[in-house]
Amino acid sequence: MNPHAVSSDPATTAMAAMSLYRCGYSIQNGKHSANLKNALEFLLKEIENNKEQPFITQIRGTQIQRKLGENIDAVLTLQFLNQVAETINDKELQTRVEKGIQSCVDKIEKSSDSSGKVKGAGWAGVLQSSFASSSLEQASKNKNIKVDKEKLDASRNYQKSKYNAETEEVKAEDGAGVVLYAVSSSVRGSATEAKEAQEILEEGKKTGKIEKDAKLTTENLEKLGVAREKAASYTVADKVYKSAKVKAMQEDVMNGFGNNGGEEFLSFLQTGESMVVKKDDDWKKWYDNVAGKLIKIQNQDGSWNGHHCITSPVFCTATSLLILSIENDIQSLQK
């Protein structure tokens, strides 16, 4: 799959390039390296040519933008650039990539409202906001990139707010009324905090600061030195993650809109990546289930396409490959 030749919009190009990276290819050398270089150059030029614009591209009205949101190009391009930044040896190219990352971060932050929702949402805008949250999260790990912590926290809280762990109520109004889109976003938005909270608790048990059978509660996290507000946020994240993950893997929920569109593929990807991030062994159960579904609906030529909304074969094939090759990225996702 040539990510530059088959697509002229940044969102689809970024997805195709990410799928090749996860399948083991890179811009450094080997098969598809020329294609990946072309894709990277295309994305960087789009960013550089639109520095003063609200979006990274002048290409407007794409199917992906209508369904996911006006800024989905910046969101998915940021994910790809985050991935690429760790693999580049050329200093000049590294500088361009990091400037591209910062530009995407700035545009996403400017387009986010006080609730953490990315503006200009499409039909299933909750997915745009969810991928924005994980993209900003990843960018914040780069010491050369400035990410507004308050914006990131608001983004996480927005995702968590879509699911009530006590009542199992899903707020799906920002996800076209489809439970799958909202609940998979809640799982992804809570995974990192849930992992951090669990690690703090386990370290406290190991060092004897707290009882061996202590549960993950706000009070226990405070005993371990976590500020009350953060401890409360951690506790909510843990509850949301544990409950929403189960909901997201229910067969009736996984049916999504009724058949598979790009939004369904993206939701499956979010659920799986969340469990890998959380170091949750249930990701293997998720993988067996979703991989089986994907194989059943694969086209004879090896591709996938959506049957509603996001139908693009390139976009859907790239997302399916990201799902099927997720094991290749376990270390990166958990880092």
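Student: Where is R22 placed in this predicted model?

Tutor: The place of R22 is in helix 1.

Student: Why does R22 count as buried?

Tutor: The relative accessibility of R22 is 5%. Buried means under 20%, so R22, at 5%, counts as buried.

Student: Which residues is R22 in contact with, leaving aside its neighbours within four places in sequence?

Tutor: R22 is in contact with Q83, L269, E273, L322, S325, I326, N328, D329 and L333. For L322 there is a further detail: the side chain of R22 reaches the backbone oxygen of L322 at 2.9 Å.

Student: What makes that approach a polar contact, as regards distance?

Tutor: The cut-off for a pair of N or O atoms is 3.5 Å. The side chain of R22 reaches the backbone oxygen of L322 at 2.9 Å, and that value is therefore within the cut-off of 3.5 Å.

Student: Why does D213 count as exposed?

Tutor: D213 is placed in the loop between helix 8 and helix 9 (218-223). Exposed means over 50% relative accessible area, and D213 has 61% relative accessibility, so D213 counts as exposed.

Student: How many residues apart in sequence are D213 and T192, and how far apart are they in space?

Tutor: D213 and T192 are 21 residues apart in sequence, and 23 Å separates them in space, C-alpha to C-alpha.

Student: Is S267 buried or exposed, and why?

Tutor: S267, which is found in helix 12, has a relative accessibility of 0%. The limit for buried is under 20%; S267 therefore counts as buried.

Student: Which residues does S267 touch, not counting those up to four places away in sequence?

Tutor: S267 touches L127, L180, Y181 and S184. S267 and A182 lie 8.6 Å apart in space, C-alpha to C-alpha, although 85 residues apart in sequence.

Student: What is the volume of the largest pocket, and which residues are the closest to its centre?

Tutor: The largest pocket has a volume of about 770 Å³. Of the 32 residues that line this pocket, N82, E86, Q138, S332 and L333 are the closest to its centre. Among the elements that give two or more residues to the lining are helix 1 (10-22), helix 12 (262-277) and helix 15 (330-334). By class, the lining has 9 nonpolar, 12 polar and 11 charged residues.

Student: Which element gives the largest share of the lining of the second largest pocket?

Tutor: That share, 7 residues, comes from helix 5. The second largest pocket holds about 280 Å³ of space, and its lining divides into 2 nonpolar, 3 polar and 7 charged residues. Among the lining residues are K51, R96 and D106.

Student: How many cavities of 30 Å³ or more does the structure hold, and which residues line the largest cavity?

Tutor: The structure holds 1 cavity of 30 Å³ or more. About 30 Å³ of space lies in the largest cavity, whose lining consists of I108, S112, G116, V118, A132, L136, K151 and S155. Helix 6 and helix 7 (149-160) are the elements that give two or more residues to this lining.

Student: Why should residues 1-6 be read with caution?

Tutor: Over residues 1-6, pLDDT stays under 50. Where pLDDT is low, the predicted coordinates should not be read in detail. For the protein chain, the mean pLDDT is 94, and 98% of the residues reach 70 or more.

Definitions and conventions:
Residues numbered from 1 in each chain as written. Predicted model: local features only at pLDDT ≥ 70, side-chain atom pairs only at ≥ 80, totals over all residues. Heavy atoms only, no water. pLDDT = per-residue confidence, 0-100. Contact = heavy atoms within 4.5 Å. 1 Å grid on protein atoms, 1.4 Å probe; cavity = no way out; pocket = protein on both sides within 12 Å on 5 of 7 lines; lining within 4 Å. Points joined across faces, edges and corners; volume = space filled by probe spheres on them. Helix = DSSP H or I, 4+ residues; strand = E, 2+ residues; numbered from the N terminus. Nonpolar A, V, L, I, M, F, W, Y, C, P; charged D, E, K, R; others polar. Buried < 20%, exposed > 50% of the residue type's maximum accessible area, 1.4 Å probe, protein only. Polar contact = N/O pair within 3.5 Å; in protein donor to acceptor, adjacent residues only side chain to side chain.
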